[in-house]
Amino acid sequence: MDEDDTSRGDNRRDGAASDGDAESAELSAEDIDIQASIGPDTDVPEETDLDQHKDPDVGLDKVVLNDDDESKGLFDDLLAGEPIFENKEVLRPSYTPHELPHRTDQINQMATILVSALRGETPSNILIYGKTGTGKTASAKFVSQELESTSQKYDVPCEVEYINCEVTDTQYRVLAQLANKFIEKNVERIEAELDRLDEMRTRATEDPNALAETPYNSIAEIDERADELSEDADEMETVPMTGWPTDRVYTTFFDAVDYKERVVVIMLDEIDKLVEKSGDDTLYNLSRMNSELANSRISIMGISNDLKFTDFLDPRVKSSLGEEEIVFPPYDANQLRDILQHRADVAFKSGALTDDVIPLCAAFAAQEHGDARRALDLLRTAGELAERGQADTVEEAHVRQAQDKIELDRVVEVVRTLPTQSKIVLFAIILLEKNGVRNINTGEVFNIYKRLCEEIDADILTQRRVTDLISELDMLGIVNAVVVSKGRYGRTKEISLSVPIDETEAVLLTDSRLGDIESAQPFVQARFDN
Ligand code: ADP
Ligand code: MG
């Protein structure tokens, strides 16, 4: 027996054995020895090692030397690590989950209101409130899919149009987008109807009795109806993205919706952005449409991140839009855990997450006003960092790194999009800090600020305005400004930077105007030397 085993082992390495299944069933002591001798580094991906032993060409020496193998390409190492992710897409914001734990109440409330549409009645308008990442968009899209599929099932004319007002942010664009969607749908229907008429005509020409099954008494009547439809389609002119007077766009939309009997639910996501940018005219016009529509009815579902945005609305619009209100409260840490767990089961390989990872992501995101988007970002980023570090599992440390990375990305984005004047003020604070000035006060900032403005030929604001800009930077979490009492000298602000100095400076210098300051720095330096 002993001899048999040995010879089989040798054969294997000599390349005589080739049946993998049979081999693994009879793992011999020698195999295990080899594995032990390879050392701790390689014994983690067990299966891979055993597979290699089965490979006739790979002996002990070759396994060890494999790392230096010149035939290995750039991606081999990266691919070799046991991947952390099974399906990363599931963690991206674009993914629409089929299950939304902890939103059953809100989803049921929406459904209870919108079911009228399936009965051919006009649902009340709905306003949905909640901070970012509380599942508003995901829930609304879920409900709209269900509504449309049910309407198809029962063949009731009900349609949902979703508009993201952060992108489509003027009355013209909202109305144009709606008009064009309905025109497209109308034209599709007309074309389908024309095809049907064409068939009917052919059948009737061959057999005049076929007309009996149709609402038409003669081929001439069919032709007349076809002409009418073609004419309708020709009249439906799509709205260009700019250029028409708004009332023409409105009329086009109105006619397109009213072309046939139906109930239309218009979802205006991020509705607060629309009102902020363009006022409430769009909502006013949409909310008074039902009294004029002859065939169709519309119902509006507004979704807002800002709880107070209705303060800016005309009272009539406000009461019409807010017939029903649904609030999406922030998730707590436990709820976020459930949400993350659901996604993680699909997104990660089993065993890829250590126990602390999901609770820690949930806890960080719960601090961030219960934001599920943030929680998912953290989990995905932690996984990516683990993958990049070629770790076998995602650990607590990866989550902490992810938290820092996301926070830095946020800072970079905020700084990058600051107005030029604020950037100059921030740059002044950075220069002061870099030169070791402590307890920086507004006057010092203003002096350097003025100097910088002169260097790059920018307008110089008053010290008062600069103080305001410092307060804004404070509110954005970029600087920390505390008021300190100077006894009989009154009060002043002590300013310090709350963000990483080098990264922030680098972002500022990517601004083409501030880029010029770099050459001005020695000049500023000279002032400190004095
Ligand atoms: P909001 O529109 O309120 O800002 P979203 O609906 O866009 O928030 O949700 C943010 C992210 O969190 C999305 O990726 C979404 O799929 C996810 N999400 C939010 N709530 C849930 C939930 N209850 N279950 C699963 N995923 C959720
Ligand atoms: Mg949203």
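Trainee: By class, how many nonpolar, polar and charged residues does the shell around ligand 1 have?

Mentor: Keep in mind that this is a predicted model. To read a shell, sort its residues by class. Here the shell around ligand 1 holds ten nonpolar, five polar and six charged residues.

Trainee: Which residues come nearest to ligand 1?

Mentor: P101, G133, K136, Y331 and R343 do, out of the 21 residues around ligand 1. Helices α8 (136-153), α15 (333-347) and α17 (372-388) each give at least two residues to that shell.

Trainee: Which N or O atoms lie 3.1 Å from an oxygen atom of ligand 1?

Mentor: For polar contacts, look at pairs of N or O atoms within 3.5 Å. A backbone N or O atom of T134 is 3.1 Å from a ligand 1 oxygen. A polar backbone atom of G135 also lies 3.1 Å from an oxygen atom of ligand 1. With Y331, an N or O atom of the side chain is 2.6 Å from a nitrogen atom of ligand 1. On its own, ligand 1 has 550 Å² of accessible area, and the protein covers 96% of this.

Trainee: Which pocket is the space taken by ligand 1?

Mentor: That space is the second largest pocket.

Trainee: Now a single residue. Is S304 buried or exposed?

Mentor: Compare its relative accessibility with the cut-off: buried means under 20%. S304 is at 0%, so S304 counts as buried. S304 belongs to strand β4 (residues 296-304), and its side chain reaches the backbone oxygen of D306 at 2.8 Å.

Definitions and conventions. Residues numbered from 1 in each chain as written. Chains lettered and ligands numbered in written order. Predicted model: local features only at pLDDT ≥ 70, side-chain atom pairs only at ≥ 80, totals over all residues. Heavy atoms only, no water. Near = heavy atom within 4 Å. Polar contact = N/O pair within 3.5 Å; in protein donor to acceptor, adjacent residues only side chain to side chain. Areas by Shrake-Rupley, 256 points an atom, 1.4 Å probe, with all protein chains shown as cover. 1 Å grid on protein atoms, 1.4 Å probe; cavity = no way out; pocket = protein on both sides within 12 Å on 5 of 7 lines; lining within 4 Å. Sits in = over half its atoms within 2 Å of the grid points. Helix = DSSP H or I, 4+ residues; strand = E, 2+ residues; numbered from the N terminus. Nonpolar A, V, L, I, M, F, W, Y, C, P; charged D, E, K, R; others polar. Buried < 20%, exposed > 50% of the residue type's maximum accessible area, 1.4 Å probe, protein only.
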